[in-house]
Each structure stands twice: as structure tokens, then as C-alpha cells.
Amino acid sequence: METEGVSVTGSLSELPLGRLLEQLAQEQRSGVLRVSNGSEVWFEAGEIYLATNAASPPLESVLYGNGTTPEAEIATMLESGSNTVGADLVAADPDSLAVLNRLVHEFNLTALFELVVPSSHTFEFEDGLRHPVGSQFAEPVDQLVAQAERRLEIWKQIATRIPSVDVVFKLTSGLPDGNEERVVTSDEWRYLSMLDGHTSVSSVITRTGESAFRVCSSLYRLLLEGLLEEVQS
């Protein structure tokens, strides 16, 4: 890794993302890490408060989960460059803090999950820059990286049964192992209601607006229980 003034550059083939993020955390950097695939990871005093990639949904649609401020208004706030949007949303509705923490955590974790896959992408870190959302939702790097890497291991298992999001599933004709009932979660019900033997996993992801990891991990559990079967094309 080479350092020139406040700019840090290199390649993830030489310095894997996990090690890079941990180094930036140890140095308590504030700024943005930009990766050549379009991803960004924003730091404040060595903690991550925002991570995005090319597939990330608009941030205002995530922050709209506070249930108080209209999405269009949040978009305007993010364009203002105030660096305090997250704190302002919580101030407007203190009860939304827990929900926003959960939503932003999942948003960041999804982006980091894509980044921990080994690659040769180049990166550049710029000190001193701040995202308009502000550091309200900052988290320790080691916790986020550990969760992202754990997801990667789980994803490898999921791929053995769901090798592509183009796969189509349908419900099995009956409960397996002679079971008479099985209670489903609200997430499972939403997914099951779409699996009509014609709808692909990709369509379920698009229609729910949820991450591929969340949808596929739920479907994987249902497959292991024998509640779903693949429709052969």
C-alpha cells in the first residue's frame, strides 16, 4: 500500500478488504474508501458508518424506515451536504433510533458482504471527507467484517442448493416426515406466497426489495426442511 499525503491507494489482491479495513480502523481514519467496482466505505474515527456498492438501493429509501420524514424530504436533506442527516432524523423522531440502526446496519453489511469476496479491484482512501448522512450509525470495523465474512461462508453453503437466482421453486405437495403442521415466520410467508412454480428467486428479491442474502438464506432453510422443490425447466 502506498501513501501520498492524505491519499491511500492499492489493490485488494495485495491487501484484502478485511485487513485494509482493520488497518484504517487502527489508524482511526476519517474519510472514504473508494473501490474501483463502485463501492464506497465511509469512516469516522476508525468506525464505519456507511457502506455502498453499485447495487445498493437509494439511501433515502432506507432512511425512510424512520416512518416520520418523507422519502423525498430525506433525499433533499442528503443533497444539502449538512453531514448530520442521520442525527437530524433521529432528533425528529427519537423512537426511530432502534429501527434506523437496524436498517442502516443491514444496508452496510450487505455492501460489505459483496466486498469481502476476494478480488483484484483497486482502492483509494481519501482523508477528511464526510458523507451527508453523518456518523450517527457508526459501528466497529471488526464486528462488521466478522459478520460479512460469516455471511460469505454461509453463502457458499447456500450456493449448493441455490446456484443461481434464476432458479424457480414451488411448494412441495405436503409437509415432510409426516408432520401435520409447521409455523412459518412473516418473512417465510411473504416468500412462499410468491413461489408459484413460475417466479424466480431473482423476482422475489426484486419484489420484496430485500437483499439476495436474506431471501436466499430463508429459502435455503425451507429447502433443507423439504418444504420447497426446484422446478425443472
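**Close-up views of a predicted model**

The structure shown is a predicted model.

**View 1. Phe113 and Trp155 form an edge-to-face ring pair.** The ring centres are 5.7 Å apart and the planes of Phe113 and Trp155 meet at 65 degrees, so the pair counts as edge-to-face. Phe113 belongs to helix α5 and Trp155 to helix α6, and the two are 42 residues apart, so that the pair links distant parts of the chain. Phe113 is buried, with a relative accessible area of 6%. Ring pairs also bring in Phe213, giving a cluster of Phe113, Trp155 and Phe213.

**View 2. Arg151 is a buried residue of helix α6.** Helix α6 spans residues 141-158. Arg151 counts as buried because its relative accessibility is 12%, and the limit for buried is under 20%. Leaving aside residues up to four places away in sequence, Arg151 touches Glu106, Leu109, Thr110, Phe113 and Phe213.

**View 3. Phe43 and Phe125 form another of the four aromatic pairs found in the whole structure.** Their ring centres lie 5.9 Å apart with the planes at 75 degrees, so this pair is edge-to-face. Phe43 is in strand β4 and Phe125 in strand β6, so the pair ties together parts that are 82 residues apart in sequence. Both Phe43 and Phe125 are buried.

**View 4. The largest nonpolar core has 27 residues.** Leu21, Leu33, Val41 and Leu112 touch the most other members of this core. At least two core residues each come from α1 (17-26), β3 (31-35), β4 (40-44), β5 (47-52), α5 (97-115), β6 (122-127) and α6. Not counting residues up to four places away in sequence, Leu21 touches Leu33, Val41, Phe43, Ile48, Leu112, Val141 and Val145. A second, separate core holds 19 residues, including Ile158, Tyr191, Leu192 and Met194.

**View 5. Helix α3 (residues 71-79) has a buried side and an exposed face.** Ile74, Ala75, Met77 and Leu78 are buried. These four cover an arc of only 160 degrees around the axis, which puts them on the same side of α3. In an α-helix there are 3.6 residues a turn, so residues three or four places apart point the same way. The buried residues of α3 pack against α2 (59-63) and α4 (85-92). Ala72, Thr76 and Glu79 are exposed, on the face turned away from the buried side of α3. Gly81, which follows α3, has a positive phi near 75 degrees.

Conventions
Residues are numbered from 1 along each chain as its sequence is written. This is a predicted model: local features need pLDDT of at least 70, side-chain atom pairs count only at pLDDT 80 or more; totals for chains, interfaces and linings use all residues. Side-chain values use heavy atoms; hydrogens and water are left out. Buried means under 20% relative accessible area, exposed over 50%, partly exposed in between (1.4 Å probe, protein chains only). Contact means heavy atoms within 4.5 Å. A nonpolar core is a set of buried Ala, Val, Leu, Ile, Met, Phe, Trp, Tyr and Cys residues joined through side-chain atoms within 4.5 Å. The arc is that of the directions from the helix axis to the C-beta atoms. Rings of Phe, Tyr and Trp (its six-membered ring) pair if their centres lie within 6.5 Å; planes under 30 degrees apart count as stacked, over 60 as edge-to-face and the rest as tilted.
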